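Let's walk through this one together, a question at a time. Have a look at the sequence and the fold before reading on.

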Amino acid sequence: MSQSAFIAEPFALPFDKKTTALVMIDMQRDFVEPAGFGEALGNDVSLVRVAIQPCKQVLEAARKAGLLVVHTREGHRPDLTDCPPAKLTRGGKTFIGSKGPMGRILVRGEAGHDLIPELYPIAGEPVIDKPGKGAFYQTDLHLILQNRGIKTLIVCGVTTEVCVTTTVREANDRGFECLVPADCVGSYFPEFQKASLEMIKAQGAIFGWVSNASNVIAALA
Ligand code: C5J
């Protein structure tokens, strides 16, 4: 019997390694690296970079435990035909498809769109290219998870209040149980990080559980 439980808030989350996947959200160079698009917007990337090492440790533990590992990237086709016109107007002074410090912003194939080397996928790990904030919208993520019989998701990545929690909310509605290790998710805004994590676990795990990297690693060992 491989059933175990993650120590988590608001209460322990039972899981089975065979039906659990790690989903690494948008750990892309433009969001996380100094001299990327995130920093060019005036954000302090050290606030999201603190998640890299805990993510790396959870990624290694997940690989060792034989979990399905999925990576996502937010971005669009070079001709932007998959970008809703409304999304194209957002950004204040910078816009999707315009020139950023590491290539065109949020465009597939550009250097800034790539995943950071510390968390790079290995052979056999699906990479989901998503046009939206949530990882299920217009992607085959649900199909991949369903075909593997996945029930529980460990969700890491950036940013906590945007793509991480959008994905967790979507996953919860689709019947997945989601665990978010607090030190494996990052935001440029500490107040958003705190509020987002509180919202997930509020009202008896309204749409998920919150834990940390060391609890996840211990449970997967
Ligand atoms: C992500 C964003 N990945 N903040 N995107 O959170 O626009």
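**Getting oriented**

UniProt, in an unreviewed entry, places the feature "domain: Isochorismatase-like" at residues 20-206 (positions follow the numbering used here, feature names are shortened, and annotations may be inferred rather than shown by experiment). Residues are numbered from 1 along each chain as its sequence is written. This is a predicted model, where local features need pLDDT of at least 70, side-chain atom pairs count only at pLDDT 80 or more, and totals for chains, interfaces and linings use all residues.

Q: What is the mean pLDDT of the protein?
A: pLDDT is the predictor's confidence in each residue, from 0 to 100. Here 99% of the residues reach 70 or more, and the model scores ipTM 0.94 and pTM 0.97. The mean pLDDT is 96.

Q: How many helices and strands are there in the protein, and what is its radius of gyration?
A: Helices (H or I, at least four residues) and strands (E, at least two) are DSSP runs, numbered from the N terminus. The protein has nine helices and 11 strands. The globule rule (2.2 Å times the number of residues to the power 0.38, with the radius taken over C-alpha atoms) gives 17 Å for 221 residues, and the protein comes close to that, so it is as compact as a globular protein of that length. Its radius of gyration is 17 Å.

Q: Is strand β3 largely enclosed or left open by the rest of the structure?
A: A residue is buried if 20 or more other C-beta atoms lie within 10 Å of its own, exposed if 12 or fewer, and partly exposed in between, with C-beta atoms placed from the backbone. In a regular strand the side chains alternate between the two faces of the sheet. In β3, T20, L22 and M24 on one side are buried, and so are A21, V23 and I25 on the other. Six of the six residues of β3 (residues 20-25) are buried, so this strand is largely enclosed.

Q: Which residue of β8 is the bridge partner of V23?
A: Two strands pair if DSSP finds at least two bridges between them. β3 and β8 (residues 152-158) run parallel and are joined by six bridges. Among the residues of β8, the partner of V23 is V155.

Q: Which residue of β7 is the bridge partner of T72?
A: Five bridges join β3 to β4 (residues 68-74), also in parallel, with I25 opposite T72. β4 in turn pairs with β7 (residues 127-130) in the parallel sense over four bridges. In β7, the partner of T72 is I128.

Q: How many residues does the largest nonpolar core have?
A: A nonpolar core is a set of buried Ala, Val, Leu, Ile, Met, Phe, Trp, Tyr and Cys residues joined through C-beta atoms within 7 Å. Those with the most contacts inside the largest one are L22, V58, V155, C156, V158 and V180. Beyond four places in sequence, C156 touches residues including L22, M24 and V58 (contact means C-beta atoms, placed from the backbone, within 7 Å). The core has 54 residues.

Q: Does P121 count as buried, exposed or partly exposed, and why?
A: P121 lies in the loop between β6 (103-104) and β7. Leaving aside neighbours within four places in sequence, P121 is in contact with H71, L115 and V127. Because P121 has 14 C-beta neighbours inside 10 Å, it counts as partly exposed.

Note on methods:
Two residues are in contact if their C-beta atoms, placed from the backbone, lie within 7 Å.
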